[in-house]
Amino acid sequence: PIERGMRILGGKWTGSILGHLTDDPVRFNDLARMVGGASKKMIAERLRHRETHGLVTRQVQNTAPVSVSYQLTAHGRTALAALEGLRVWAEGQATD
């Protein structure tokens, strides 16, 4: 189960991406600005993977230009506790 969980929640930027989706839906370009240092390609890849696991939903607004936003699902919100526990644990570790 831990290995499966790490495949779903692991990966650079995943925690940050999910953390920014905790409240309201976030437009893709806004999310890309919030997650400084990650390329749009990487963010899109991470979001697609989490969408296939039911953690986030993708919503396309029929506007000009087309706008895409992402939001955590109820299932995705259950992962936040695990990420918070990891954050607390990591803060207690010695830095490199």
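Arginine 33 and aspartate 30 lie 3 residues apart in helix α3 (residues 28-34), so about one helical turn separates them. The two form a salt bridge, with the closest N and O atoms 2.4 Å apart. The model is predicted. Its chain has 96 residues, of which 30% count as buried. It holds 5 helices and 3 strands.

**Confidence**

- Mean pLDDT for the chain is 91, and 98% of residues reach 70 or more.
- Strand β1 (residues 26-27) has the highest confidence, at 96.
- Helix α1 has the lowest, at a mean of 89.
- Where pLDDT is low, predicted coordinates should not be read in detail.

**Overall layout**

- Starting at the N terminus, the elements follow the order α-α-β-α-α-β-β-α.
- Along the principal axes, the C-alpha atoms fill a box of roughly 50 × 30 × 20 Å.
- Among contacts with a separation of 6 or more, 47% come from residues 24 or more positions apart.

**The sheet**

- The 3 strands make an open sheet in the order β1-β3-β2, with antiparallel pairing.
- Strands β1 and β2 are the edges, each pairing on one side only.
- Between β1 and β3, which run antiparallel, there are 2 bridges.
- Valine 26 sits opposite tyrosine 70 of β3.
- Serine 69 is also placed in strand β3. Its relative accessibility is 4%, below the 20% limit, so it counts as buried.
- The side chain of serine 69 makes a polar contact of 3.1 Å with that of glutamine 61.
- Leaving out residues up to four places away in sequence, serine 69 touches Pro25, Val26, Arg27, Phe28, Thr57, Arg58, Gln59 and Gln61.

- Leucine 47 belongs to helix α4 (residues 40-52). Its relative accessible area is 1%, and it is buried.
- Beyond four places in sequence, leucine 47 touches Ile17, Leu21, Phe28, Leu31, Val56 and Tyr70.
- Leucine 47 and tyrosine 70 are 23 residues apart in sequence, yet their C-alpha atoms are 8.2 Å apart in space.
- Arginine 50 is in helix α4 too. It is buried and has no salt bridge.
- The nearest side chain of opposite charge to arginine 50 is glutamate 45, at 6.9 Å.
- The arginine 50 side chain instead reaches the backbone oxygen of glycine 10, at 2.7 Å.
- With neighbours within four places set aside, arginine 50 contacts Arg7, Ile8, Leu9, Gly10, Thr14, Leu18, Leu55 and Val56.
- Val56 is a contact of leucine 47 and of arginine 50.

**Salt bridges**

- The count is 4 salt bridges.
- Aspartate 30 is partly exposed, at 26%.
- Glutamate 45 meets arginine 46 side chain to side chain, at 3.4 Å from N to O.
- Glutamate 45 is partly exposed, with a relative accessible area of 37%. Arginine 46 is buried, at 16%.
- Glutamate 91 and arginine 87 form a salt bridge of 2.5 Å, N to O.
- Those two residues are 4 apart in helix α5 (residues 74-91), so they are separated by about one helical turn.
- Glutamate 91 is exposed, with a relative accessible area of 56%. Arginine 87 is partly exposed, at 37%.
- Salt bridges link Glu84, Arg87 and Glu91 in a network.

**Backbone points to check**

- The peptide bond joining alanine 64 and proline 65 is cis, with omega about -5°.
- Proline 65 lies in the loop between β2 (56-61) and β3 (67-72).
- Tryptophan 13 is not a glycine, yet its phi is positive, at about 80°.
- Tryptophan 13 is in the loop between α1 (2-9) and α2 (14-20).
- The relative accessibility of tryptophan 13 is 23%. Buried means under 20% and exposed over 50%, so this residue counts as partly exposed.

Terms used. Residues are numbered from 1 along each chain as its sequence is written. Side-chain values use heavy atoms; hydrogens and water are left out. Buried means under 20% relative accessible area, exposed over 50%, partly exposed in between (1.4 Å probe, protein chains only). Contact means heavy atoms within 4.5 Å. pLDDT is the predictor's confidence in each residue, from 0 to 100. Lys and Arg count as positive and Asp and Glu as negative; His and the chain ends are not counted. A polar contact is a pair of N or O atoms within 3.5 Å; within protein, one must be able to donate a hydrogen and the other to accept it, and residues adjacent in sequence count only if both atoms are side-chain atoms. Two strands pair if DSSP finds at least two bridges between them.
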